[in-house]
Amino acid sequence: MSGEFVFGWHAVEAVLKREPERLQQVWIQTGRQDKRVKGITDALDNLGVRWKVVHRKELDERVAGVHQGIVAAVSESREWTEDDLLAQLAGGDKPPFLLVLDGVTDPHNLGACMRTADAVGIQAVIVPKDKSASLTPVARKVACGAAETVPFVRVTNLARFLRSLQDQGVWLIGTAGEANATLYQADFKGPVALVMGAEGKGMRRLTREHCDQLINIPMLGHVDSLNVSVATGVCLYEALRQRLG
């Protein structure tokens with residue numbers, strides 16, 4: 001076998017539902033005999049995918065993380081390219097709704113952002129290839145299946161790619177604590193990309209300079225910032241509220 005591991009019930013079920021051809025083998029922790037397990041094992045039998053009941057120790061040795069009693073070996077997923085995304089946007093029938101994460105390095109934060117992105121209908125999550133978390137098994141597990149539904153695009157030069165989005169009429173809204181406008185003064189109704197900065201440091205200078213508008217999240221308490229995945233959720237749901245209105 002070659003490829004990667006996916007673990008956690010939501011993540012494995014997402015692969016089984018959307019990309020079953022990637023499944024190579026599945027290991028399930030001994031002791032579980034419920035409808036959820038039977039549903040997965042019946043589906044694996046129908047696909048001809050090998051599965052095995054094993055002790056927890058074997059699962060612990062295969063992956064580093066809370067596997068919830070299930071681990072799957074899968075082939076590598078097809079990676080979206082910059083050209084793939086730009087072509088999709090050019091031929092799409094609805095206004096682009098994108099999320100850009102500039103330097104988010106914690107896979108837990110990336111996974112949480114992916115999960116929210118799926119929930120609000122984001123068409124793609126875009127990250128730079130350098131100094132950014134990738135879709136590790138931990139990120140996929142936290143994403144609860146969203147890593148298998150939302151295109152994840154790693155770009156070589158983020159500033160250049162942002163210019164390409166602008167050329168297609170996408171409005172870039174970046175978050176910055178010092179911005180004069182608040183989240184609730186931004187217009188998210190049309191073709192838009194929300195740009196979030198890294199944990200603690202925020203957006204890089206070039207990324208900031210390419211944004212069409214900078215906004216902040218109002219903070220009334222004593223803390224001066226939010227976790228990036230929480231801030232992303234706050235912004236994306238305001239955007240969704242406007243787009244549904």
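Reply: Gladly! Let's begin with an open sheet of 7 strands, ordered E7-E6-E5-E10-E8-E11-E9, with parallel pairing. The model is a predicted one, where local features need pLDDT of at least 70 and side-chain atom pairs count only at pLDDT 80 or more, while totals for chains, interfaces and linings use all residues. Residues are numbered from 1 along each chain as its sequence is written, and side-chain values use heavy atoms, with hydrogens and water left out.

Me: What makes E7 and E9 the edge strands?

Reply: Each of them pairs on one side only. Two strands pair if DSSP finds at least two bridges between them. E9 (181-182) has 2 bridges to E11 (residues 213-216), and the two run parallel. That number meets the cut-off of at least two, so E9 and E11 count as a pair. Within this pairing, Ala181 stands opposite Ile215 in E11.

Me: How do you know what counts as a helix or a strand?

Reply: Both are DSSP runs, numbered from the N terminus: helices (H or I) need at least four residues, and strands (E) at least two. By that count the chain has 9 helices and 11 strands.

Me: Why is the chain called as compact as a globular protein of its length?

Reply: The globule rule is 2.2 Å times the number of residues to the power 0.38, and the radius of gyration is taken over C-alpha atoms. For 245 residues the rule gives 18 Å, and the chain has 19 Å, which is close, so the chain is as compact as a globular protein of that length.

Me: What makes two residues a contact?

Reply: Their heavy atoms must be within 4.5 Å. Leaving aside neighbours within four places in sequence, Cys144 is in contact with His10, Ala11 and Arg115. Cys144 and Gly8 are 136 residues apart in sequence, yet 7.7 Å apart in space, C-alpha to C-alpha.

Me: How do you know that E4 is mostly covered?

Reply: 5 of its 5 residues are buried. Ile70, Ala72 and Val74 point one way, and Val71 and Ala73 the other way. As a general point, side chains in a regular strand alternate between the two faces of the sheet.

Me: Which strands are joined to E4 by bridges?

Reply: E1 is joined to E4 by 4 bridges, and E2 by 5 bridges. E4 runs antiparallel to E1 and also to E2. Phe5 has Ala73 as its bridge partner in E4, while Ile28 stands opposite Ile70.

Me: What do the buried residues of H1 pack against?

Reply: They pack against strand E1 (4-7), strand E2 (23-29), helix H2 (35-47), strand E4 (70-74) and helix H6 (137-143). Among the buried residues of H1 (residues 9-18) are Trp9, Val12 and Leu16.

Terms used: Buried means under 20% relative accessible area, exposed over 50%, partly exposed in between (1.4 Å probe, protein chains only).
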